[in-house]
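Please read this note with the fold open beside you. Follow the numbered points in order.

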Amino acid sequence: MKVGIDGRKIPEATARGPVGTLDHAHELGLDGVFFRSVLDITPTLDSGVLRDVRSRADELGLYLEAGLGKVNPYAMPEAPELRRVGDGDTLLGFERMIAACARIGVRELWAATANRQPYPGFRSYDRFRTDAPWRRQLEATAAFLRKLRPVALDNDVHVNLETHEEITSHEVVRLVEAVGPDVLGIVYDTSNGLHRAEDPVAVARRVAPYVRQTHLKDAALVLAEGGVIMQSRPVGDGVVDFGAILPIVAAANPKVHLTIECRQPDVEGQKTYPTFKTEKRPNVYGTLVEVYDPEWQAGHPDLTVGEFSAYLALAQDFTARIDSGQEPTVREIAEAKFGYDEAVEAIQVSARHIRQVLADAA
């Protein structure tokens with residue numbers, strides 16, 4: 001199993017460009033790059049650029065993966081590039097992206113259902129939009145994916161839905177099974193289920209049969225007033241048990257690529273954390289998962305008492321580790337410098353942990 005990096009999260013990706021990003025990943029000792037969207041490689045689907053990127057990846061012995069975009073029609077207006085690449089026709093835009101990827105042998109294609117906006121509280125997730133109930137958004141997503149089904153079949157690709165922040169793993173599995181695992185798969189993000197109070201090991205068991213791409217991340221969970229604070233940490237430094245979940249995934253798909261998705265470096269005048277620190281919640285250095293709110297709870301009908309208990313146990317354990325001085329606090333992490341060097345170190349720490357887990361399981 002090869003260990004690579006998300007093309008948007010590796011530092012200096014924009015400045016270096018796609019070929020430079022491949023070189024950078026190789027310099028850091030990684031095995032591949034997962035460009036979140038093929039439009040990140042070339043916004044116009046320029047065939048020459050795509051061939052150059054494919055050629056450079058092959059020269060360096062790197063895996064090359066890419067994606068499409070949001071497949072929820074309610075979220076698409078926030079990504080006008082999806083319509084633009086189809087000259088105003090969104091479906092044609094997806095057809096063109098899929099065909100362009102297939103021509104360079106990239107056949108596992110990332111997609112996601114919705115978004116999260118920079119607002120405080122759980123309404124920042126599209127799951128809790130009041131203008132479009134989540135059930136309706138899922139129905140519209142399934143309908144759009146059915147339109148893509150013949151395109152995926154004709155190009156011999158899989159459109160892989162991420163276990164994204166706003167959707168539960170149960171819902172992702174249902175979408176795959178409804179449209180068909182011959183054209184749909186799953187991008188398994190190891191920490192996004194924590195936004196939905198899901199236990200990472202339980203998520204791995206649910207999604208493993210359909211996993212075709214990955215985003216490997218980790219997070220701290222800390223008990224706080226109003227819920228649980230979630231904060232990004234390097235792989236191996238949070239609550240996700242990679243020693244348990246990677247063998248589950250490997251048993252289902254031993255050739256799946258393991259793509260690290262780490263915290264991006266801070267930019268001048270803007271820190272990655274605190275994410276949603278507000279005047280009302282001054283001590284939230286990260287994302288507050290409002291698990292005790294009745295509306296939040298009602299929005300998660302698949303969440304069982306057992307899995308919720310396992311989630312809270314992870315938070316209790318990590319909180320105890322912070323209280324005993326074994327782990328830095330969320331405030332210490334939020335206020336510490338996190339530039340290029342720190343971001344690279346986080347990637348390398350993550351890669352070492354993943355490779356050690358794989359070695360131990362061999």
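1. **Ground rules.** This is a predicted model, in which local features need pLDDT of at least 70, side-chain atom pairs count only at pLDDT 80 or more, and totals for chains, interfaces and linings use all residues. Residues are numbered from 1 along each chain as its sequence is written, and side-chain values use heavy atoms, with hydrogens and water left out.

2. **The eight-stranded sheet.** Start with the open sheet whose order is E7-E6-E5-E4-E3-E2-E1-E10. Its pairing is parallel. Strands here are DSSP runs (E, at least two residues), and helices are runs of H or I with at least four; both are numbered from the N terminus. Two strands pair if DSSP finds at least two bridges between them. Strand E7 (211-215) and strand E10 (258-260) are the edges, each pairing on one side only. From one strand to the next, the twist averages 30°.

3. **Pairs inside that sheet.** Strand E3 (residues 63-70) and strand E4 (residues 108-112) share four bridges and run parallel. Look for Gly-69, which stands opposite Ala-111 in E4. Strand E1 (residues 3-6) is joined to E10 by three bridges. There, Ile-5 has Ile-260 as its bridge partner. E1 is also joined to strand E2 (residues 32-34), by two bridges. In that pair, Asp-6 partners Phe-34.

4. **Helices H7 and H8.** How do H7 and H8 pack? Their angle is about 5°, and their axes lie 10 Å apart. Axes are lines fitted to C-alpha atoms, for helices over the stretch in contact, and angles run from 0 to 180 degrees between N-to-C directions. That makes H7 roughly parallel to H8 (angles under 35 degrees count as roughly parallel). Ser-169, His-170 and Val-173 in H7 meet Val-203, Arg-206 and Val-207 in H8. Contact means heavy atoms within 4.5 Å. The contact residues divide into three nonpolar, two polar and one charged. Nonpolar means Ala, Val, Leu, Ile, Met, Phe, Trp, Tyr, Cys or Pro; charged means Asp, Glu, Lys or Arg; the others, Gly among them, are polar.

5. **The three-stranded sheet.** A second open sheet to trace has the order E8-E9-E11, with antiparallel pairing. Its edge strands are E8 (218-224) and E11 (287-289), and each pairs on one side only. Neighbouring strands are turned by 35° against each other on average, direction ignored. Helix H11 (residues 305-323) packs on this sheet and touches E8, E9 and E11. The direction of H11 makes about 85° with that of E8. E8 and E9 are joined by seven bridges. Leu-221 stands opposite Met-230 in E9.

6. **The second largest pocket.** Strand E9 (227-233), helix H12 (330-335) and helix H13 (340-361) each supply at least two lining residues. The lining divides into seven nonpolar, one polar and seven charged residues.

How values were computed. Angles under 35 degrees count as roughly parallel, over 145 as roughly antiparallel, 65 to 115 as roughly perpendicular and the rest as oblique.
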